[in-house]
Amino acid sequence: MTDEAFQKTAIDSVKKFADAATLREQECKEFAGALAYVAGEYHQTEAFEKLKNRLEDLDRQHKLHGNRLFYLATPPEIYPIIIEQLDKAGLAKNPNENSWTRIIIEKPYGRDLASAKKLNQTVLNAFSERQVYRIDHYLGKDTVQNLMVLRFGNGIFEPLWNRNYVDHVQITAGETLGVEQRAAFYETAGATRDMIQSHVLQLTSLVAMEPPAAFDATAVRNEKIKVLQSIRPFTPESIESDIVRGQYGRGSSPGDSSLVAAYRDEPGVAKNSITETFVAAKVQIDNWRWAGVPFYLRSGKRLPSRVTEIAIQFRRAPHLVFRGQDLSSNALVLNVQPDEGISISFNAKLPGQEMKLKTVTMDFSYQVAFGGGERSAYATLINDCMRGDATLFDRADGVEAAWALVDPILNYFQSNQPKFPNYAAGTWGPHEADELLESDGRHWRNS
């Protein structure tokens, strides 16, 4: 493409996806005027020399002072090639002492512990750790960030945030969609690699972390990795009892009575595929704060609703004064998507002469409280990267710690063939996932 053709594509995309109420066409055109397009093959050294020369021209033209942010939103197998070529062309270093150079790397960051370590080595041969931003868009959502504010910015929650008051924690990341057009990727990934290793374990570490000394990248990420290192490692025996995997068969889609295809019938999926589209796990964190408190994690495709939520389920009152009443325990629920907000449930008396109780909720909605549309998580994270704030990004040791937890699960899946499909599209996964909690006297929160 020419620069002009690329600029037109950008303007058309903004018009298509931006909120019409906030779109300002003149500003959009002015911004697009700063966009440039450079074509080249990943493996060609001369392409990166061409890129370097163009960047230097743009530096002079726009007075950018040498600041550069490279964003690797390419197929993962291309990451090492691009990183090595950037280094070879001298683009991995700051152009001058007053400038910065940073790189954003999309997930999946490796496909197991060995490949993640190898990629980290490649990256850190070219860039320093402070230049590297491993992005997970879940961490850019307001509710995820508000989890830390809720805990550490208020005096009423943190004292209850431990094994003395919390019965268990549930983290759900559910999708109503199937594999769609991502079969080529998903067949090599599955729900464990795609969601558990990254998004769900990131949320787990934020829920369970100790208060950081300060709200900065080093302190927050130090506490997050302590959680990952405290999670009890999985053995073949514990995987057998504490992990459930599933693959959706034919079923329905929410709001649509027509049948949807089974995973194995999706275009690009092998007819005998053993790729899991659902995972549920019971996780134990062996430290003073959380010993004995199970964390139940699940993620799946073709579920009844699109929801990502963190539910802190508190212990029941130690003495039931109101006998004969069916009282539920209190829950604090953080809705990450689609409706960002926080709700807390408690028991209250119904109007009337009799002492009848009912569970009610108090809801906080971001949109109602603060107005406006939801800001893109990517916008938040890219802005953080340009400001040099790595708090919401993963570190090399954090990535490796997550893979160290997941690797035994993936190895077990590979050597033990499941009977798939084992849940119908439009349901909450295989019945074994319900039994995972029911055997402990608990139940999933299904919205």
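Tutor: Gladly! Let's start with helices and strands: these are DSSP runs, helices being H or I with at least four residues and strands E with at least two, numbered from the N terminus. This is a predicted model, where local features need pLDDT of at least 70 and side-chain atom pairs count only at pLDDT 80 or more, while totals for chains, interfaces and linings use all residues. Residues are numbered from 1 along each chain as its sequence is written, and side-chain values use heavy atoms, with hydrogens and water left out.

Student: How many cavities of 30 Å³ or more does a search of the whole structure find?

Tutor: Three. The largest cavity holds about 160 Å³ of space. Its lining has 15 residues, with K107, Y109, S198, D394 and V399 nearest the centre. Two or more lining residues come from each of α7 and α12 (396–415), and α7 gives the most, with four.

Student: Which elements each supply at least two residues to the lining of the second largest cavity?

Tutor: They are α7, α8 (217–230) and α12. Again α7 has the largest share, here five residues. The space in this second largest cavity is about 90 Å³. Among the 13 residues that line it, Q202, K224, L228, D394 and G398 are the closest to its centre.

Student: And the pockets: what is the volume of the largest pocket?

Tutor: About 2,200 Å³. It is lined by 44 residues, and F6, F31, L35, L69 and Y71 are the closest to its centre. Helix α3 gives the most to this lining, seven residues.

Student: How do you know which residues of that lining count as nonpolar, polar or charged?

Tutor: Ala, Val, Leu, Ile, Met, Phe, Trp, Tyr, Cys and Pro count as nonpolar, Asp, Glu, Lys and Arg as charged, and the others, Gly among them, as polar. By that rule the lining of the largest pocket has 32 nonpolar, six polar and six charged residues. The second largest pocket, of about 860 Å³, has 36 lining residues, with K107, P108, R182, F185 and D194 closest to its centre. Its lining divides into 14 nonpolar, nine polar and 13 charged residues.

Student: Why is F314 called buried?

Tutor: Buried means under 20% relative accessible area, exposed over 50% and partly exposed in between (1.4 Å probe, protein chains only). F314 has 10% relative accessibility, so it counts as buried. F314 sits in strand β11 (residues 307–314).

Student: Which residues does F314 touch?

Tutor: Contact means heavy atoms within 4.5 Å. Not counting residues up to four places away in sequence, F314 touches L160, Y165, V166, D167, S329, N330, A331 and L332. F314 and L332 are 18 residues apart in sequence, and their C-alpha atoms are 8.0 Å apart in space.

Notes: On a 1 Å grid over the protein atoms alone, a cavity is a set of points where a 1.4 Å probe fits but cannot get out, and a pocket is an open set with protein on both sides within 12 Å along at least five of seven lines; lining residues have an atom within 4 Å of a point. Grid points are joined across faces, edges and corners, and a volume is the space filled by probe spheres set on the points.
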